Amino acid sequence: MTGLVLSAVTRAFDHPVPRTVLGGVDLTIAQGEFVSLVGPSGAGKTTLLRIIAGLDSGYGGSLAWQGARPRLGVVFQEPRLVPWLGLLDNLLLVGGPESVDRARALLGAVELGDCDSALPGQLSGGMQRRAALARALLVEPDFLILDEPLISLDAALAERMRRLLNDFWRKRRTTTLLITHNLAEAVELSTRVAILSPIERRVVADCALPPPDPRLSGDPMVAAALQDLRRMTRSWPVPDPAEAAPDRAG
Amino acid sequence: MSQPAGAPTIGLGAHWYRLLSVIALLALWQAAASGLADPALLPSPLATFEAGYEALRAGELLYHVGATLARVAVAFGLAMLIGTAIGIALGRSPVLDHFFNGWLVIGLNLPALVTIVLCYIWFGLSEAAAILAVTINKVPTVAAILREGAKALDPALFEMTRVFEVKPLRVLARVVLPQLAPSLMAAARAGLALTWKIVLVVELLGRPNGVGFQIRSFFNFFDIASILAYSLAFIGAVVAIEVLLLQPIDRQLGKWRRA
Ligand SMILES: Nc1ncnc2c1ncn2[C@@H]1O[C@H](COP(=O)(O)OP(=O)(O)OP(=O)(O)O)[C@@H](O)[C@H]1O
Ligand SMILES: [Mg+2]
């Protein structure tokens, strides 16, 4: 059991100006769910991730794990690779030397098979991001947290990585929280999409979807859900970038 | 030595200039020695080398330089170990840093001579007291340098190792020490330079062997040639350690961090 229950989670910062970033977030993620959290830039998504990952204890409200505290796999918003370790060594740092075969396989899966010994600084931003994704999958997490893992990948590569994430989830049913700006991506991968409102500063909509097993294109329920989500997010001060992109999932 | 691109070119290779500079120094020394009425005040280079050769043949030179080097090595190693541990603790914990900062300032400014004399008075004219005195002198320097290095450790990487529950020893070896490498190197350099000098004083004041002890004996006999010979041998040992040990380590660390 690795469910997560957030109730009325609040977070305020005093600097540089006092402000409330999270104003009472309620979110429950049950074992085996793939939940996407969508919200515009500055809505507090990364702030929430840090609270869930145990990196920020200055929050109000309550956070409870059902069952034992899970093993986490995290893709931070920045790659956070160790600059002086090659990619394989970066993976082995978290996986241990015994995980070398799986680490190689995962580097292959994120299309970095020939970059074992490359240092992060020698790679593009998108390559570093994929290495960070491989690292998070390597630890066989009970709970996977992804902060915009596919940003800065070209459309075709992002699609292949979405397939990888979907395969991983279907094989293991790893409880997953995906943070993204991209509604179509959220709908394609998730069992549920939660919307974090930048105005009310909490989760304002929580939309269940048929499990992506796999996601069939043209599913009318999914198309309708995407329509709904788009309508709900239209009034945000910052326009949703996914809206301008071609509708892939519908 | 290859010239970096864009550096002003010089006629001869850098090696030649170094050789010329050594010859010039020797010539100056010779001229000064011959200019003096009393040759005992400043023996010529030749007389100095003769004294050195004599000491070498008798086995004294190696014995005393060896004794000094051994003390330097032990005190240096101890001070690096203790100073690094203290420095990391102060750099990582603001509470400890605020509390012990004053102690560190006292340690940094305590005259070496005071520590040495007090150690000899409190613990007797023993080897342990000598090593302790040198170590105490160097620990604050190492700690102060490592403290700054530890303060600059990247918090983002610590967060990463924390969420992935990386074992502490592995974090130390693969994440912390590489970031501290420049500080460790700076501390080693600063510390070594300090240790050499203090060890000689320690030996002069209370040890029955070592370069410092020898210099005191020569001082009593006005044996300036031997003083110079021992000094040169000692400088040779220091330069050898710099070139054969520190510089290769430095290059290796540089490669590791840049690579
Ligand atoms: N440590 C902090 N101190 C002060 N303010 C902070 C801190 N961390 C985050 N904030 C503020 O909280 C708000 C939300 O930040 P957060 O990084 O959670 O946004 P986000 O939803 O992840 O945005 P993006 O999609 O751009 O990554 C921002 O206005 C930010 O300035
Ligand atoms: Mg963010």
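Biologist: How far is an oxygen atom of ligand 1 from a polar backbone atom of A:Gly44?

Modeller: This is a predicted model, in which local features need pLDDT of at least 70 and side-chain atom pairs count only at pLDDT 80 or more, while totals for chains, interfaces and linings use all residues; side-chain values use heavy atoms, with hydrogens and water left out. Residues are numbered from 1 along each chain as its sequence is written, and chains are lettered from A and ligands numbered from 1 in the order in which they are written. A polar contact is a pair of N or O atoms within 3.5 Å; within protein, one must be able to donate a hydrogen and the other to accept it, and residues adjacent in sequence count only if both atoms are side-chain atoms. For the polar backbone atom of A:Gly44, the distance to an oxygen atom of ligand 1 is 2.9 Å.

Biologist: What percentage of ligand 1 does the protein bury?

Modeller: Accessible areas come from the Shrake-Rupley method with a 1.4 Å probe; for residues, only the protein chains shown count as cover. Ligand 1 taken alone exposes 640 Å². Of that area, the protein buries 68%.

Biologist: Which element gives the largest share of the shell around ligand 1?

Modeller: The ligand is surrounded by 15 residues, A:Ser41 and A:Lys45 being among the closest; a residue is near a molecule or strand if one of its heavy atoms lies within 4 Å of it. Helices (H or I, at least four residues) and strands (E, at least two) are DSSP runs, numbered from the N terminus. In chain A, β2 and α1 each supply at least two residues of this shell. The largest share, three residues, comes from α1(A).

Biologist: Which protein residues are donors of the magnesium ion, ligand 2?

Modeller: Donors are N, O and S atoms within 2.8 Å of the metal (3.2 Å for Na, K and Ca); water is not among the atoms, so sites may look incomplete. Two protein atoms, OG1 and OE1, lie 1.9 to 2.1 Å from the magnesium ion, and they belong to A:Thr46 and A:Gln77.

Biologist: Why does that pair tie together separate parts of the chain, and how many residues apart are they?

Modeller: A:Thr46 sits in helix α1 (residues 45-52) of chain A. A:Gln77 sits in the loop between β5 (72-75) and α2 (87-95) of chain A, so the parts they tie together are 31 residues apart in sequence.

Biologist: Is A:Ala43 buried or exposed?

Modeller: Buried means under 20% relative accessible area, exposed over 50%, and partly exposed in between (1.4 Å probe, protein chains only). A:Ala43 lies in the loop between β3 (34-38) and α1 of chain A. Its relative accessible area is 0%, so A:Ala43 is buried.

Biologist: What separates the C-alpha atoms of A:Ala43 and A:Arg201?

Modeller: A:Arg201 takes a positive phi near 65° in the hairpin of β8(A) and β9(A), which has six residues between the strands. Along the chain, A:Ala43 and A:Arg201 are 158 residues apart. Their C-alpha atoms are separated by 6.9 Å.

Biologist: In β2(A), what is the bridge partner of A:Thr10?

Modeller: Two strands pair if DSSP finds at least two bridges between them. Strands β1 (residues 4-13) and β2 (residues 19-29) of chain A pair in the antiparallel sense over eight bridges. They form a hairpin with five residues between them. The partner of A:Thr10 in β2(A) is A:Gly23.

Biologist: Which residue does a cis peptide bond join to A:His15?

Modeller: Most residues other than glycine have a negative phi, and most peptide bonds are trans. Here omega is about 0°, and the second residue lies in the loop between β1 and β2 of chain A. That residue is A:Pro16.

Biologist: Which side chain makes a polar contact with the side chain of A:Ser190?

Modeller: A:Ser190 is buried, with a relative accessible area of 0%, and lies in the loop between α6 (183-189) and β8 of chain A. Its side chain reaches the backbone oxygen of A:Ala186 at 2.5 Å. The side-chain contact, also 2.5 Å, is with A:Ser36.
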